[in-house]
Amino acid sequence: MKRNRKRESLRFGTVTKSLVACICVAVAGLGYVWQKNAIYRLGDEIKRREASLSSAQKRNLILASKLAQLESPVELEVKCQQYSLGLVAPKEGQVLRLPEPGPEWDMQMANAPLPPRTPTRQLAQAKQVSQPGTLVRQ
Amino acid sequence: MILAPHKGRALIVVGALASVFMALGFRLFDLHVLQHKELSALAQRNRERVVHRQGRRGAILDANGNLLANSLPVRIVTADPTVTAPQAANIAEKLAPLLQTDVASLTEKLSSPAHYVRLNPRAKLDEDAVKKIREMKLKGIGFEDQFVRIYPDGPLASHVIGFVDHDHRGVQGIEASMEDYLEGQAGYEVIEQDRKGREIRALRDEEIGPRDGFNVVLTVDEAIQHIAEQELEKAMAEFKPQAGVIIISRPKTGEILAMSSRPTFDPTNMDAASADDRRNRCISDVAEPGSTFKIVVCSGALNEGIVSLNDQFDCENGAFMYAGRILHDAHPFGVLSVEEILFHSSNIGAAKVALRMGPSRLADYIHRYGFGHKTEIALPGEVSGIAHPLARWNSLSITRIPMGHEIAVTPLQMLMAMNTIANNGVRMKPQIVKSIVDQDGTAVFQFQPQPVGQVVAPRTCQLMTTALRKVVSPEGTAPKANLERFDVAGKTGTAQKVENGQYVRKYYSSFIGYFPASNAEISILVSLDDPTVGGAFYGGSVAGPVFRAVAERVAEYLGMEPQTPPTEVAKVS
């Protein structure tokens, strides 16, 4: 009787182990297939994206060339004449030249007295008066 | 326990099974070991394919990044005649209008014995045309990726940019000289394909991507080039010369801002361009420079301290006998100072300055200014001109070379000589390529202005500028080249042409000038070969006004601050 029980428990253990082993193998197999499928699916996705990128790059090139053609001085002049835009370069008298501020200007600005500081509260009030709809953080 | 009568049968079954397994084993051994090489190669051929990918040729850009030349992807149609042969006539009829070819030649290609043919490689198809062909669902018809070179500005700066051949290789201009940078590198992919020939992306074995060529950024400014081309076109229409050139540069750096030559060609329509049209006359044509060459003699003599601007020379009233030959001036002059010799452009005066200078010194300055040598601009087809060595000079040479005879120069060489004076005596190497950049715009190589050497002292240049300013004054030879708002220094040239070894009544009219004279920003050369209409042929009256028109527009475009303030000032409200 005792011997029979021992044999039964041994069988159960073996069956369990076998079952676990089988499940592991099945899971590994299924995982492998799933992974493989994922690789193929991603491969297709990469291919689609590559094609889409290549197509966008081609389109970009074509548009850049079209833009260059439209911006060409020859083309612009033709269009100006075609639409009688009457565009001419400004006469020298119509150009106002501003002197480029140099280091002297920087020095002058650095030594210039600062404007008197308005208290924050007054500033806020002034803002509120001028812009009644605006919220002022105090 | 197996009984005796069954034992024999069992042995037979086991033996039979063993034989079958042995046979199968042998077959497996045969396939996997003995025939492995051939069979695996066969399987690989069925499964694998090598796809070559062509790198795109780099673009050519102007100084402001505007596209001057670019490569666009297109497709050409290919066919597998082993598949198309039975339906050749039908397919040809459908494709002929899209491929712009005749049905007969297409049918012939579609039924040829080859496995792969290109159907009219000249017909570059865009995506719309490809879509149309795809929709036809023709068996055995495929596509091959290629590139087509486009020039958005058409003939603008065509001599500088050049063009490519059918294999997309540069033939002329920057396309040829910068071939190594512009050319893209091909890549390849080893792919595995399914039953229908589609790639299984996940099984891609090797992948070496193509590398696009680098972009070449020029010093040429598209807008300034347009100004030069327009004004040259106007001059061609007005004076009807055989040819003409305009070059615009920055004397301080040697940068070429525009280089225009007529006759010209359209790189998008090379079939219509003759060899004569394609020649860049700015660097490939040599001619006697005429009086513009007097700057070499006078600057050399001033630099050596042999003469001063106020030294007087007797100009013999227009006829000077030397070595048994008479040298003439266009107008008779009496005694002239060196300054007057320059702005009246006296041949006799220049000859006398050269005589005082001596032949060896003159030859030395000719060499120092770079005549007889290539300027080494980054353009193919440049010639070195003709500057005979001193040993080959005859007794007349010392009086003829100062007036620009017995020497042949290219327009670019002459401009670079004038630039030397404008740049305080430092001769710069002409620069036409600014940088090489990759596709992201990162500079791979930046070209810097290259000084060649100090030819004359800055003081000499100041004296020369003083004299050359008077060339555009009312008493000079080119008052029509004067600018209202800028000080101009320049020199005219009217050189007689030589035909069959004889001087004929045909002229090269030229003007080279720079402005502002005191601090030169821009220099311009205008040269017209044999102006035939209007009776005028002197450089001052033919090339001078062209110089003025170009200079005014260039100054306006660059926003150069005028030296003379405008008389009328805009009101700012």
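## Salt bridges

In this predicted model, B:D276 pairs with B:R279 in a salt bridge whose closest N and O atoms are 2.9 Å apart. B:D276 has a relative accessible area of 38% and is partly exposed. B:R279, at 29% relative accessibility, also counts as partly exposed. Beyond such pairs, a network of salt bridges with shared partners joins A:E50, B:R53, B:E189, B:E199, B:R201, B:R204 and B:E207. Over all chains, the structure holds 41 salt bridges.

Another of these pairs is formed by B:R75 and B:D145, whose side chains meet at 3.0 Å, N to O. The relative accessibility of B:R75 is 14%, and because buried means under 20% relative accessible area, B:R75 counts as buried. B:D145, in contrast, is partly exposed, with a relative accessible area of 42%. B:D194 and B:R198 form a further salt bridge, with 3.0 Å between the closest N and O atoms. B:D194 counts as partly exposed at 25% relative accessibility, and B:R198 counts as partly exposed at 49%.

## Helix packing within chain B

Two packed helices are described by the angle between their axes and the distance between the axes. In chain B, helix α4 (residues 88-99) and helix α5 (residues 103-110) have axes that come within 8 Å and cross at roughly 125 degrees. The two helices, α4(B) and α5(B), are therefore oblique to each other. The crossing in which α4(B) passes α5(B) is right-handed. On the α4(B) side, the contact is made by B:A88, B:A89, B:I91, B:A92, B:E93, B:L95, B:A96 and B:L99. On the α5(B) side, the contributing residues are B:V103, B:L106, B:T107 and B:L110. By class, this contact has 10 nonpolar, 1 polar and 1 charged residues.

The loop between α4 and α5 of chain B contains B:Q100. Phi of B:Q100 is near 50 degrees, which is a positive value in a residue other than glycine. At 66% relative accessibility, B:Q100 counts as exposed.

Chain A has 4 helices and 0 strands, and its elements run α-α-α-α from the N terminus on. Of the 138 residues in chain A, buried residues make up 8%.

Helix α2 (residues 73-82) of chain A packs with helix α10 (residues 222-239) of chain B at an angle of about 65 degrees, and their axes are 10 Å apart. The helices α2(A) and α10(B) are therefore roughly perpendicular to each other; angles of 65 to 115 degrees count as roughly perpendicular. The contact joins A:P73, A:V74 and A:E77 of α2(A) with B:E222, B:H226 and B:Q230 of α10(B). In terms of residue class, the contact of α2(A) with α10(B) has 2 nonpolar, 2 polar and 2 charged residues.

## Backbone features of chain B

Cis peptide bonds occur at prolines in chain B, including the bond from B:R262 to B:P263, with omega near 0 degrees. B:P263 lies in the loop between β12 (255-262) and α11 (275-278) of chain B. B:F515 and B:P516 are likewise joined by a cis peptide bond, with omega about -15 degrees. The loop that holds B:P516 runs between β24 (502-515) and β25 (522-529) of chain B.

B:E406 has phi near 60 degrees, a positive value in a residue other than glycine. The position of B:E406 is in the loop between α17 (397-400) and β18 (407-408) of chain B. B:E406 counts as partly exposed, at 27% relative accessibility.

B:A549 and B:I227 are separated by 322 residues in sequence, with a C-alpha to C-alpha distance of 9.1 Å in space. B:A549 is located in helix α20 (residues 539-558) of chain B. With 22% relative accessibility, B:A549 counts as partly exposed.

Conventions: Residues are numbered from 1 along each chain as its sequence is written. Chains are lettered from A and ligands numbered from 1 in the order in which they are written. This is a predicted model: local features need pLDDT of at least 70, side-chain atom pairs count only at pLDDT 80 or more; totals for chains, interfaces and linings use all residues. Side-chain values use heavy atoms; hydrogens and water are left out. Axes are lines fitted to C-alpha atoms, for helices over the stretch in contact, and angles run from 0 to 180 degrees between N-to-C directions. Angles under 35 degrees count as roughly parallel, over 145 as roughly antiparallel, 65 to 115 as roughly perpendicular and the rest as oblique. A crossing is left-handed if the near helix is turned anticlockwise from the far one by less than a right angle, and right-handed if clockwise. Contact means heavy atoms within 4.5 Å. Ala, Val, Leu, Ile, Met, Phe, Trp, Tyr, Cys and Pro count as nonpolar, Asp, Glu, Lys and Arg as charged, and the others, Gly among them, as polar. A salt bridge is a side-chain nitrogen of Lys or Arg within 4 Å of a carboxyl oxygen of Asp or Glu. Buried means under 20% relative accessible area, exposed over 50%, partly exposed in between (1.4 Å probe, protein chains only).
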